[in-house]
Amino acid sequence: MEFGTRIFIAFLVSQVVCTGAQEEEEKAECVPGFQEKEYQVEYSGGFLKDIPLLQVVFDDCAGNEDVEFEVSNPDFLIDENLNLVPRRDVIDSRDVMFVHGVNVHVDDMAQVTIIGAPSRSPQTLREILGISDLMPYRSKRSLLVPPMFVPENQRAPFPRLIGKVISSDMKEDHIFRLTGRGADQDPKGVFSINRLTGDVAVSRALDREAIAYYHLQVSTTDLSGRLVEGPVDLDVSIIDQNDNRPVFKEPRYSGEVLEGSPTGTTVMTMTAYDADDPNTDNAVLRYIIVRQLPDKPSPNMFYIDPERGDIVTVIAPHQLDRETLPTTQYELEIVAKDMAGSEVGLTGTATATITITDRNDHAPEFTHSLFQASVNEGSTGVVVNLTVDDRDDPATGAWRAIYSIINGDPNQNFEIQTNLDNNEGMLSVVKPLDYESSMFHTLLIRVENEDPLVPDVVYGPSSTATVNIIVMDVNEGPVFFPDPLVVIRRENIPVGSFVAILNATDPDYLQTQSIRFTVLRDPADWLIVNPFKGNVTTRAILDRESPHVHNNQYTALFMATDNGSPPASGTGTLIITLEDENDNAPYVFPSVARVCEDAKDMNVVVIGGRDKDIHPNTDPFKIELGKQPGLEKTWKISRINDTHSQIMLLHSLKKANYNLPLVLTDSGMPPISNNTELKVQVCTCKKNRMDCSRAGSIQTNLLLLLCLVLLSILCL
C-alpha cells in the first residue's frame with residue numbers, strides 16, 4: 001500500500017472514530033448485538049435436558065424481530081426467552097461455546113465459558129466457523145465507512161457516486177454487502193454498493209422532507225456468503241434545498257383591537273411554517289404587510305414584526321375611533337418569505353381581518369326631552385315607548401340601554417323595561433291609577449348603558465327625559481266596605497228578621513250617581529236585600545245544620561250597580577256566623593247489636609250518643625232504659641263517659657230479635673230527649689261462627705218478654 005493511501009485511510013479512520021465518539025456522547029445511541037459478549041456457566045457433572053443454564057442479553061435496537069440464533073455446540077439452543085438450554089442430557093461438554101445472533105439489523109457473536117468442564121482438545125472460533133488459514137480471524141475492525149451526504153432533488157443521470165467504503169484487508173474472494181433502509185429494506189434500491197470496489201451510489205432523486213436521514217450497514221463476506229467483517233454503520237444525510245414555500249396554517253385569520261388602543265397594541269400573531277431544514281436559511285421566515293384595505297385614514301395603520309409575525313397598531317389612539325373610521329373591519333395581505341426574506345426566497349400569503357371593537361365612549365341620549373302619554377284609570381300595561389340614540393356598536397353592552405325612574409313615582413305605580421330589539425324604553429303602569437286621586441303624573445327618566453363609560457366620558461343632560469302621564473276618567477264600579485261583611489245571628493230566627501246593612505260607595509265621587517243592590521249568589525235562598533237601602537233580611541229560617549253552612553258560616557254574594565254610562569258594578573260578600581240552638585234530638589249508634597245465646601260474657605255492646613247540634617247542646621248524654629216495667633230485670637246500662645254507655649244482659653236469652661227501648665237525652669238548655677230502640681240479635685254460636693239466620697224471622701217484642709217474666713214471678 002502506498003504511503004499517501006495509508007495517510008488517507010488513517011484520516012478516514014480518525015474521522016469515523018471521532019464522529020462515532022461524538023455521536024455516542026450526544027445521542028447515546030443503541031448498539032445492536034449482544035449487550036454482554038462473555039458469559040460463564042459452572043460445570044457440575046453435566047447438564048439436564050430443557051433446564052436453562054443462563055439468559056443472554058441481545059438487542060438489535062429494532063424490536064428483536066426474526067432474530068436467528070446458532071450455538072456452536074449442537075447439543076444446545078437459544079429458546080424464545082433467550083435462555084441457553086440443553087437439547088438433551090449433556091455430560092461431555094466443551095469448555096467454550098459460541099452463540100451467533102443474526103437478522104437484517106445485526107450480525108453478532110458472544111462467548112460462553114464452561115467453568116470446570118472436563119479437559120479436551122482446544123477449539124477456536126475459526127474452527128467453529130470453519131474459516132481456513134487463508135481467512136484468519138481478526139479482532140480489529142478493518143472497514144472504514146465515512147458518513148456520506150446527498151443533495152435532494154438531484155437530476156439524472158443516475159446512479160450517482162456519493163462515497164466509498166474501504167477495507168484495509170480486502171481479499172480477492174471478499175465482497176462488500178450493503179443492508180438497511182434504502183438498500184434491502186423499504187424504500188429498497190435507493191442506495192447500492194459496488195461489491196468489489198466499495199463505491200456507494202444513489203439511484204434516484206431524493207426528498208429530504210420525506211426522509212432526511214438513512215442509517216445503513218456495510219459488511220464484507222466471502223463468496224459463500226459467510227460474514228468476514230462488520231456490519232459497520234453507514235449514515236447518509238440528505239442535504240436540504242429550498243424547495244418548499246412557507247405555508248400559513250389557515251388562509252384567513254381574524255383578530256380584534258379595541259378602539260382608542262395605544263399605538264403598539266398587539267392585535268394578533270401570524271404564523272407560517274416551512275418544511276425545509278430548520279437549521280438552514282431555507283426555513284428562516286420574514287413577514288411583511290403588502291396591502292391594507294381600505295387604506296383610509298392611513299395606508300399604514302398596522303405593522304407586522306418581520307421575525308415574530310406580531311401585528312401591532314401604528315395609528316394614533318384618537319384616530320382609531322370606530323364611529324369615525326370608514327369601516328370597522330380592515331383586511332391585511334400578509335406575505336411570509338423564506339431565506340430570511342432575501343430576494344430569492346419563496347413566499348406564502350394569507351389574509352388577516354382585523355375588527356375594530358367598540359368601547360363605551362358615547363353616552364346614550366333621548367331623542368326628545370319631553371314625552372307625553374295618556375292612560376285610563378284602573379288599567380295596566382305599556383303607555384309609551386321612549387327612544388334614545390347611541391353611536392356605539394349595537395348589540396353590545398356599550399349600546400344596550402338601562403332605564404330607571406328617578407323621580408315622580410312614590411307609590412311604584414310605574415315600571416320601565418328595555419326592548420331588546422330596538423333599545424327603546426317601555427314605560428308601563430303596573431299598579432292601576434285613580435283619576436279621582438291624581439289626574440296627572442310627571443316622571444323623570446334616566447338612561448344608562450350596561451357597560452360603564454370610559455373615564456373621559458360622562459352622562460349629560462340628554463341622558464334624562466321627562467314623561468307627562470294624563471289619567472283618563474273611567475266609570476268605576478261601586479266598592480263594598482267592609483268586604484267581606486261578617487255578622488253573627490242565631491239560627492231559627494223568624495222570617496223577615498234583620499241580618500245586615502250593605503255599605504257600598506262609588507269611587508267616582510266627582511259624579512253624582514245612585515247605587516242599586518241585588519243578590520248575586522244565595523245558595524240556600526234565605527236572604528233578600530232592599531235595592532236602595534241595602535238592608536238584608538231573612539226570607540226563610542236560618543239552619544246552622546244546613547249543608548250550605550260550613551264551619552258555622554253561611555256566605556252570600558251581593559252586587560252594587562251604579563247608573564253611570566255605561567253602568568258599572570262591584571261585588572261584596574256577606575258572611576253570617578250562625579249561633580246554635582238545641583233544635584236536634586240526639587240519636588244512638590250503633591242501632592244493631594249481636595250476642596250469642598249461650599255467651600258467658602253478658603256485655604252486649606257499647607253504644608254512644610250523637611247530636612247534630614254543637615256544644616253545649618250535645619254531650620254529656622244521658623242514656624237510660626225505656627219506661628216499660630221489668631226491663632231492669634233483663635238489661636242493665638252502665639255509663640262509661642260523657643258520650644258512651646255499656647249495654648249488659650242480666651241472664652241469657654233465647655235466639656231471637658229483641659227491640660230494647662232506650663231514652664237518650666242531651667245537655668242543652670232546655671235538654672231534648674229521644675225515645676229510640678236498640679235492635680239486639682241473639683244468635684247461635686258454634687266454633688267461632690255466629691248464626692243469626694232464623695233470629696230475623698222472630699219479631700219478639702220486649703213487652704211480651706216482660707209479660708213472661710212477670711208470669712214466672714207470680715207462679716213462684
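The structure is a predicted model, in which local features need pLDDT of at least 70 and side-chain atom pairs count only at pLDDT 80 or more, while totals for chains, interfaces and linings use all residues. Residues are numbered from 1 along each chain as its sequence is written, and side-chain values use heavy atoms, with hydrogens and water left out.

A friendly place to start is the strands. Strands here are DSSP runs of E with at least two residues, numbered from the N terminus, and two of them pair if DSSP finds at least two bridges between them. An open sheet of three strands has the order 30-34-33, and its pairing is antiparallel. Strand 30 (381-386) and strand 33 (414-418) stand at the edges with a single partner strand each, so one side of each is left without a neighbour in the sheet. On average, neighbouring strands of this sheet are turned by 25° against each other, direction ignored; the axes behind this angle are lines fitted to C-alpha atoms, and angles run from 0 to 180 degrees between N-to-C directions. Strand 30 runs antiparallel to strand 34 (residues 425-429), and five bridges join them. Here Val-384 stands opposite Leu-427 in strand 34.

Strands 42 and 43 form a hairpin with five residues between them, and Gly-534 in the turn has a positive phi of about 85°.

On a 1 Å grid over the protein atoms alone, a cavity is a set of points where a 1.4 Å probe fits but cannot get out, and lining residues have an atom within 4 Å of a point. The count comes to one cavity of 30 Å³ or more. The volume of the largest cavity is about 40 Å³, a volume being the space filled by probe spheres set on the points. Strand 45 (residues 569-579) gives the largest share of this lining, three residues. By type, the lining holds eight nonpolar residues, three polar and no charged; Gly counts as polar and Pro as nonpolar in this grouping.

Charged residues come into view with the salt bridges. Side chains of opposite charge can pair when their charged atoms come close. A salt bridge is a side-chain nitrogen of Lys or Arg within 4 Å of a carboxyl oxygen of Asp or Glu, and the whole structure has 21 of them. In one of these, the closest N and O atoms of Lys-164 and Asp-199 are 3.1 Å apart. This pair links distant parts of the chain, with Lys-164 in strand 12 (residues 160-164) and Asp-199 in strand 16 (residues 199-202), 35 residues apart. Buried means under 20% relative accessible area, exposed over 50% and partly exposed in between (1.4 Å probe, protein chains only). Lys-164 is partly exposed at 37%, and Asp-199 is partly exposed at 25%.

Asp-240 forms a salt bridge with Arg-208, with the closest N and O atoms 3.1 Å apart. Asp-240 is buried at 12% relative accessibility, and Arg-208 is buried at 12%. A network of salt bridges links Arg-208, Glu-209 and Asp-240.

Key:
On a 1 Å grid over the protein atoms alone, a cavity is a set of points where a 1.4 Å probe fits but cannot get out, and a pocket is an open set with protein on both sides within 12 Å along at least five of seven lines; lining residues have an atom within 4 Å of a point. Helices (H or I, at least four residues) and strands (E, at least two) are DSSP runs, numbered from the N terminus.
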